[in-house]
Structures are given as structure tokens and as C-alpha cells.
Amino acid sequence: MRAADRLVAETVRRGGPWLAVLAVTSVLGAFAQLALPLVLGRTVDALVADGTGATTWLGACAGVVILTVACDTLGVWASGSSGARSSAWLRERVVRGVLGIGPAITRRFPEGDLVTRMGLNTEEIGHVPESLVTGAALVIPTAGGIVALTLIDPLLTATLVVGLVLIALVLRAFLTVSTAIASDYQAAQGDIAARLVDALAGARTIAAADTADRERARVLTALPLLRRHAMAMWRANARAGVQAGAVVPLLEVAVLGVGGLRLAAGDLTAGELYAAARYVVLGAGLGSALGYVGRLARARAAAARVEELVAESPRAYGTRPLPPGPGTLELRGVDAGGLRELDLIIPGGQAVAVVGRSGAGKSLLAAVAGRLVDPRHGTVHLDGVPLPELSREALRRAVGYAFERPVLLGDTVAAAIALGTDTPARPPGPGTGRHSRRTGNGRVEQPGANREVVRAAARAARADAFVRRLPLGYDTPLPEAPMSGGERQRLGLARAFAQGRRLLILDDATSSLDTVTERQVARALSGELRDRTRLIVTHRVATAAAADRVIWLDDGRVRACGSHHALWADPAYRAVFQAGAS
């Protein structure tokens, strides 16, 4: 838990100025609570005597009460603000790290579990500043109560200290037990979330197969386990609450008994006895820290889960630019997951199809080729330069990816295609201001931005025609652009064509296209895009036949490499396509 505790401490420091406000209000409120028994005791003594000075003490009581209420009110506001700031900082750090690692992170953590860690768990850690500051502020009344009782009568102090030791032991045991239970509870939450995300991704298949009941049962498999952990948490909380709560009335009775004897002996006044009773309640208020300890336990457990993401090392990039070259791709002794000892040279400017049965490692090869995933062993070179030595900008300008199910990002269709390109935006001119719109980051997006690059890429992907039919053409907001699966694939292809200047990697990126459109895209790949190296993962015969060369993968190894015509003589090669491998 040491790494998790360091993350918790760092999150506390990110609470911003509102954390200081929370600390000040908590301390002032604690001193106000300490002052109240004193002024109340003085007021009682003044009223019991001759009433002299009673008005002054009553005014002091009112002032202390007003200060307490003001501190509580401002503390609530500061608590929410500091917690939100801490959570935002932590979420940004985690999201930045996860995106920096890339797709490799999902091989260790399912998507649903990732969402739980980055969402719910970071929110629990964000409550730590409030829990620590407010909980620590409880020490002030406790320490003040000890001091005040010592000034009134040391015998009363000894009675209080014995009770505080018992409360401290209860809280320590509760923190240890609660952290372990919260960790198990959060793991069960992540498991349910992961199953739910998988079910949502296959919602159409579930509906078509009429297996909703079975899938619901699968998603909620961990629900009984979640309930057991929740009940264990409640039992631990109740047990600690009873143990700590039982100490407080016993302390009050003991102090009042000792104080009564001292009062009868004439060693205490009535006001001092009243103040002593109040200070015992304040001193034993450490028992009310149970709620803060519970939050801290959940935060520590959550921090252990989030720390696993933070501890993952993002991909490091070099500083080298990419030298002039045709886009020659070379894999030397690559071992990555399902890929084993791959040695490949793909000459620049060639169209190479990658085929194989499901699970052969085709998509992994595509990910390694453009450095979406780094191999465990071996190196990948583009025009003689190892990919890790390239700068981020050089790598992403050189390599364009298109996927089977592209996720479109950006405000408009044009922005979705232009994503990842560095083509400068055209300055606003006549006719470009009509549909200008301000994006979420305050930047005004002009319809002319990246226009020529975007349109050329869309034409090559055979997307230009349907984009022009949209209400605002390329400036149509993505949520208002109804598209079929094939049309989304064409926009994904256009994005890759606009970005990848030297190497295009198409991972089953034409699977949803009709035969005619696929042939048109194939002509573009062999026509205006022929100056780029093209690595095409496919399970279609026509695509493999149109390639200059075919890499046939089998169980993570290259089984054969050559022209489609030469490989077609092998019945096992033909069986790859007959089985509809992907």
C-alpha cells in the first residue's frame, strides 16, 4: 500500500487553494468548539453567583456559535471544491497515462474495469482531502479537551486518556479491515463493469440470438460477491461504531462521577463540572472519526487500483526525424504476445496483404508495425530508423491507421478526417464564416480548415459523394451525420489516407464495404496512394489477389510469403478464405 499512500498524498496536495480554506475553517471551527464549553461554564458561574458579567458571557456564547456555523458552511463549500479539483487532476493524469500507453493497456485491464478505475475509483480518492483535513481537525478538540481537563483537574484527564487509547485501537483496526474489504468490493465492481461493456459491444448479437437472460446472468455473476463484500463492510462499520460509541457514555459517566466527588469536596465549581463534562464529549469526539476513517480506507483501496494504471510506463518517443525514404518496413526478431520471432522486410511502396485464420496474430502484427504496441523482444524499423527513436510527430505523420470499427473523433466530419494531420488551417475568407462554430476548447473551427487534404483523402476512400449529401457537407456535426457501418469505415479510411504519408496500415478496414466500393478503394490504393507502403489485414480473396505480396500468418509465425497466385496452389491457404478467417 505504500505506492497507493503516496498517490493519496499527492492527490491531497493537488487540492488547490480551497484545501487551505478547508484547513483554516476546520481549525477555527475546532477552536470554536473548544471555546464553547468554557464560555458556557463561565456563563453558568456568573448566573449562579450574582449575575455580574452574565450579559458579556452570553454575548461571547453567541459569537462562538456564529463562528462555528460560518466555519461549517464555508468548510462544506471548500470541501466540495478541493475534492473536485483533486479528482480532476487525478483523472487527467490517469487518462493521459492510459492514452499514452495505447492499446496495450487493454490487454491487461478490460475496458469496463478501466472505466471504473478512472471514474469511480478516482472520485473516491478525490474525497481524501476532505477526509484527512476534517478528520485531522478532530485532534484539536481532543487535545484541547485533554489540556482543559488537566487545568480543571488532572484526575479527569487520566480518565479521558484511557478511553482515547481504546478508541484509537478501534480506529486502527477498522482502517486495516476496511481497506481490505473495500479492495475486494471495488474489484467486484470492476468485474461487473467489464462484463457490462462486453455485453453492450455485442448488444445486436445478444438481441439476434435472444440470449438477453443468459447474458444478464453472466454480467451479474459477481453481484452476490459484491453483496458479500458490502455486507462485510457494513458489519465492520457497525462493529467499530458500537465499540467506539460505547466508550463515550462510559467516559462521561466516569468523569461525572469523579467530578461529582471533587465538587462535593469543594475542589470544583458547578461551572467547572459542566465545562469538564463538555470537554469529555469533545475529547471523546475522536470516535466520530469513524466515517472519515471509512472514507480513507475506501480511498486507499481505490488508490491501489489506480496506482496500477499510473505505474504502467507510457510509450517513450525519441527525437529523430524520419529520413527520406520509400517507406520500407522491417521487423527483426519481433516477439509480441502471439507473434513469435518474426523477421520481415516489406519494401517501400508495396501493397502487402496479411492473411491467416482467426487468432493467427494479424491485428497484432498491424499494431506492432505502426507502434500501437511495442514488442517484448526485437525491433521494428521504418526506412532504417527504429520506431522508438522517432519523435511522436514524425511517427504519426508517417503512419496512418484504418480499423474495422473506426471511432470518429472531432466536431465535424471534416475534423474527423483531418484528425492527426498537421496541415495548417486556411485563414477565414469570404464565404467561410457562415458555418463557423466555436469548439469546446474555444477554438473557432473554419469549414476551410485542411479542406484540400480532407477532400483528397475522402475521394480516395470513396467517401466524398455521401459526405456532400449531408446537410452541411463536410461541416456537418458528427452527431447530426447519420452513417452506415460502411460509410463510417470509409471515413476511417479517409482519416488514414490524410495522415499516413509513408505507411498505411489497414486492419480489416474494408470489411463493411460493398464489393463495388471495395474495388474502387483498391484502385485508389494501387493508384494515387501507390507511393506509400500499404499493409492490409484482410480475409477477402480479392484484396489478397490485388496485393503485390501476401504474408500468411499461422499461430503467430510466418507460414509463407509470396504472391497470392503462387500461394493459392496450397489447399491450406485456400482454406483460410473458405473459413472466412478474419
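Q: Why is the pair of W568 and Y573 called edge-to-face?
A: The structure holds six aromatic pairs. In the pair of W568 and Y573 the ring centres are 6.2 Å apart, which is within the 6.5 Å limit, and the planes stand at 85 degrees, which is over 60, so the pair is edge-to-face. Ring pairs also link W568 and Y573 with W552 and F577 into a cluster.

Q: Is Y573 buried or exposed, and how do you know?
A: The relative accessible area of Y573 is 0%, and because this is under 20%, Y573 counts as buried.

Q: Why are helix α5 and helix α6 called roughly parallel?
A: Helix α5 (residues 128-137) and helix α6 (residues 139-152) pack at an angle of about 10 degrees, with their axes 4 Å apart. Angles under 35 degrees count as roughly parallel, and α5 and α6 are therefore given that description. Where they meet, G135, A136 and A137 belong to α5, while V139, I140 and P141 belong to α6.

Q: Why does E215 count as buried?
A: The relative accessibility of E215 is 17%, and since the cut-off for buried is under 20%, E215 counts as buried. E215 lies in helix α9 (residues 212-219), and it touches A199 and I206 when residues up to four places away in sequence are not counted.

Q: What makes R455 partly exposed, and which residues does R455 touch?
A: With a relative accessible area of 26%, R455 falls between 20% and 50%, so R455 is partly exposed. R455 has its place in helix α16 (residues 451-460), and, leaving aside residues up to four places away in sequence, R455 touches R468 and Y474. The C-alpha atoms of R455 and A494 are separated by 8.7 Å, although these residues are 39 residues apart along the chain.

Q: Where does D508 lie, and is D508 buried or exposed?
A: D508 lies in the loop between β9 (503-507) and α19 (515-526). Its relative accessible area is 8%, which is under 20%, so D508 is buried. Phi of D508 is near 55 degrees, a positive value in a residue other than glycine.

Q: Is D555 buried or exposed, and how do you know?
A: The relative accessible area of D555 is 51%, and because this is over 50%, D555 is exposed. D555 lies in the loop between β11 (549-554) and β12 (557-562), and its phi is near 55 degrees, a positive value in a residue other than glycine.

Q: Where does pLDDT stay under 50?
A: pLDDT stays under 50 over residues 423-449, for which the model has 31 contacts beyond four places in sequence. Where pLDDT is low, the predicted coordinates should not be read in detail. For the chain, the mean pLDDT is 84, and 92% of its residues reach 70 or more.

How values were computed:
Residues are numbered from 1 along each chain as its sequence is written. This is a predicted model: local features need pLDDT of at least 70, side-chain atom pairs count only at pLDDT 80 or more; totals for chains, interfaces and linings use all residues. Side-chain values use heavy atoms; hydrogens and water are left out. pLDDT is the predictor's confidence in each residue, from 0 to 100. Contact means heavy atoms within 4.5 Å. Rings of Phe, Tyr and Trp (its six-membered ring) pair if their centres lie within 6.5 Å; planes under 30 degrees apart count as stacked, over 60 as edge-to-face and the rest as tilted. Buried means under 20% relative accessible area, exposed over 50%, partly exposed in between (1.4 Å probe, protein chains only). Axes are lines fitted to C-alpha atoms, for helices over the stretch in contact, and angles run from 0 to 180 degrees between N-to-C directions. Helices (H or I, at least four residues) and strands (E, at least two) are DSSP runs, numbered from the N terminus. Angles under 35 degrees count as roughly parallel, over 145 as roughly antiparallel, 65 to 115 as roughly perpendicular and the rest as oblique.
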